[in-house]
Amino acid sequence: MTTTDATLDKTSKKTSPNKISWDTWAVLAAFVAALLIRFGVVKHIPW
Amino acid sequence: MSETFAIPQIKQVQVKQAQPNLQFLRVLPGILLLAAIGYAGKLLEQNVGKYAKSHHWIFPNIEYVLWAILLGLAISNTVGVPAIFRAGVATYEFWLKVGIVLLGARFLLGDVLKLGGVSLALVAIEITGAIAFMTLLGRIFHLKPKLTTLLAVGSAVCGVSAIIATQGAIDADEEDSSFAIAAILALGALALFTFPLIGHALHLSDHAYGLWAGLAVDNTAEASAAGALYSDAAGKLAVLAKTTRNAMIGFVVLAYAIYWASQGQAKTVKNKAAFLWQKFPKFVLGFLLISVLATYHFFSKDQVTALANLSRWAFLLTFAGVGLRTNFREMRKQGLRPFAVGAIGEVVIAVFTLGLVIGAQKIWGW
């Protein structure tokens, strides 16, 4: 739970109870990135 | 509300604007600002040292983490963050969570279970001690009981997130949560600069320092930054220890919600399992799942390196955001007493957790 999630959760009770939290979006984004790397769509990330 | 970027403004920005869908254009300027500051920090790390060396100057090697935070602090505390960037800057916690999930690829499950087990034991002691001590301090300083609860949860578990989650669960005032958040953030900012100095002065190993930062620094972004300022390995450990602490948030908030409901001052929790799931930080599960995949060689060695680098880029945006959202002028306005309670509590918790970590270091020989 993050600041953003907590505040969103509070507002989401008033609007849409099934809205996906930022926390979940972050996990989904990370997994999409991981799969793109895993299946060779993105081959190299420089640092 | 002033023109500068302040803590209460962050909350408003997130409440009104932080919708994951169809808000991309509103957050884009702020995200670009985070990226620009983070990248500038990286360039400064690479070039300032080289320049100083070529001119035979003695200049300490400053990591990109500190440069990014300092650049953000300089902007936030001089010209302020213009309104167009605020919604995007508020996404820094999103990048933090993305970075933590991806960091899971650098931990094999065995390491997570071993280190997580040690962390869990230390976290349990830290949470119990911190809540007891902060409650006592709140009574001594005659703070309002719910403000004391918010400060106790913020110091014991998970900083700002825990405070906001608890505020909703115990029906505390917005003003109390603003006080508690300001105190926790101000102390987190101080920890960024003091913890690495103390760690070096005590010659702590990366392992011991990382655990200490993860146990004692309250907000996840500051804990990750305080760890990374020491070393890459310490940063990893700080994230792991802090993630273990974050996983406890639901249980602590639930306990307080039940207590305040029993006092007739909060709504009764009907479905405890649903409450726990709602409060549980989902990125902890993402971190564990990536770690399981890495353990079973779902990713090649090069792919793990790519994931680790992507995690660093995500943290780069986070560290820029830590600097940008820290405004000392706004923090001063929040009043002295909650800050004093928070400061005394944080110092005692920092010393207490340092003792725990040094004790554990002797037992496990890190």
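**View 1. Surroundings of B:Thr166 in the predicted model.** Leaving aside neighbours within four places in sequence, B:Thr166 is in contact with B:Thr149, B:Leu150, B:Val153, B:Val253 and B:Tyr256. The model shown here and in the other views is predicted. B:Thr166 belongs to helix α7 of chain B. The residue is buried, because 30 other C-beta atoms lie within 10 Å of its own and a count of 20 or more is required for that class. B:Ala294, 128 residues away along the chain, has its C-alpha atom 35 Å from that of B:Thr166.

**View 2. B:Gly345 in helix α17 of chain B.** Helix α17 of chain B comprises residues 337-364 and includes B:Gly345. B:Gly345 counts as buried, since 25 C-beta neighbours fall inside 10 Å. Not counting residues up to four places away in sequence, the residues touched by B:Gly345 are B:Phe133, B:Met134, B:Leu137, B:Leu151 and B:Ser155.

**View 3. Packing of helices α10 and α15 of chain B.** Two packed helices are described by the angle between their axes and the distance between the axes. For α10 (residues 220-230) and α15 (residues 301-324) of chain B, the angle is about 110° and the axes are 10 Å apart. The angle therefore makes α10(B) roughly perpendicular to α15(B), as the range for that class is 65 to 115 degrees. On the α10(B) side the contact involves B:Ala221, B:Glu222, B:Ser224, B:Ala225 and B:Ala228, and on the α15(B) side B:Phe315, B:Thr318, B:Phe319 and B:Val322. By class, the residues of this contact of α10(B) with α15(B) comprise 6 nonpolar, 2 polar and 1 charged. An α-helix has 3.6 residues a turn, so residues three or four places apart point the same way.

**View 4. Helix α2 of chain B, its kink and its buried residues.** Helix α2 of chain B runs over residues 24-54, and its end C-alpha atoms are 44 Å apart; this agrees with the 45 Å that 31 residues should span at 1.5 Å a residue. A kink of about 25° is centred on B:Leu44 in α2(B). Which residues of α2(B) are buried? They are B:Val27, B:Gly30, B:Ile31, B:Leu33, B:Leu34, B:Ile37, B:Gly38 and B:Gly41. These buried residues of α2(B) pack against α3 (64-77), α4 (83-89), α5 (92-103) and α15 of chain B. Just after α2(B), B:His56 adopts a positive phi of about 60°.

**View 5. B:Lys53 in helix α2 of chain B.** B:Lys53 is also part of helix α2 of chain B. In contrast to the buried residues of α2(B) listed above, B:Lys53 is exposed, because 12 other C-beta atoms lie within 10 Å and the exposed class takes counts of 12 or fewer. The C-alpha atom of B:Lys53 is separated by 46 Å from that of B:Arg337, a residue 284 places away along the chain.

View 6. Helix α8 of chain B (residues 174-201) has 28 residues, and the distance from its first C-alpha to its last is 40 Å, close to the 40 Å expected at 1.5 Å a residue. At B:Ala191, α8(B) bends by about 35°. B:His203 lies in the loop between α8 and α9 (206-216) of chain B. Although B:His203 is not a glycine, its phi is positive, at about 55°. B:His203 counts as exposed, since 8 C-beta neighbours fall inside 10 Å.

**View 7. B:His142 in the loop between helices α6 and α7 of chain B.** The loop holding B:His142 lies between α6 (109-140) and α7 (145-170) of chain B. B:His142, which is not a glycine, has a positive phi of about 55°. The residue counts as exposed, because 8 C-beta neighbours are found inside 10 Å.

**View 8. B:Arg332 in helix α16 of chain B.** Helix α16 of chain B covers residues 328-332 and contains B:Arg332. B:Arg332 is exposed, because 12 other C-beta atoms lie within 10 Å. Its C-alpha atom and that of B:Ala152, 180 residues apart along the chain, are separated by 20 Å.

**View 9. Chain A.** Chain A has 2 helices and 0 strands. Of its 47 residues, 38% count as buried.

Note on methods
Residues numbered from 1 in each chain as written. Chains lettered and ligands numbered in written order. Predicted model: local features only at pLDDT ≥ 70, side-chain atom pairs only at ≥ 80, totals over all residues. Axes fitted to C-alpha atoms, helices over the stretch in contact; angles between N-to-C directions. Helix = DSSP H or I, 4+ residues; strand = E, 2+ residues; numbered from the N terminus. Parallel < 35°, antiparallel > 145°, perpendicular 65-115°, else oblique. Contact = placed C-beta atoms within 7 Å. Nonpolar A, V, L, I, M, F, W, Y, C, P; charged D, E, K, R; others polar. Expected span 1.5 Å × (residues − 1). Bend = angle between axes of the 7 residues up to and from the residue.
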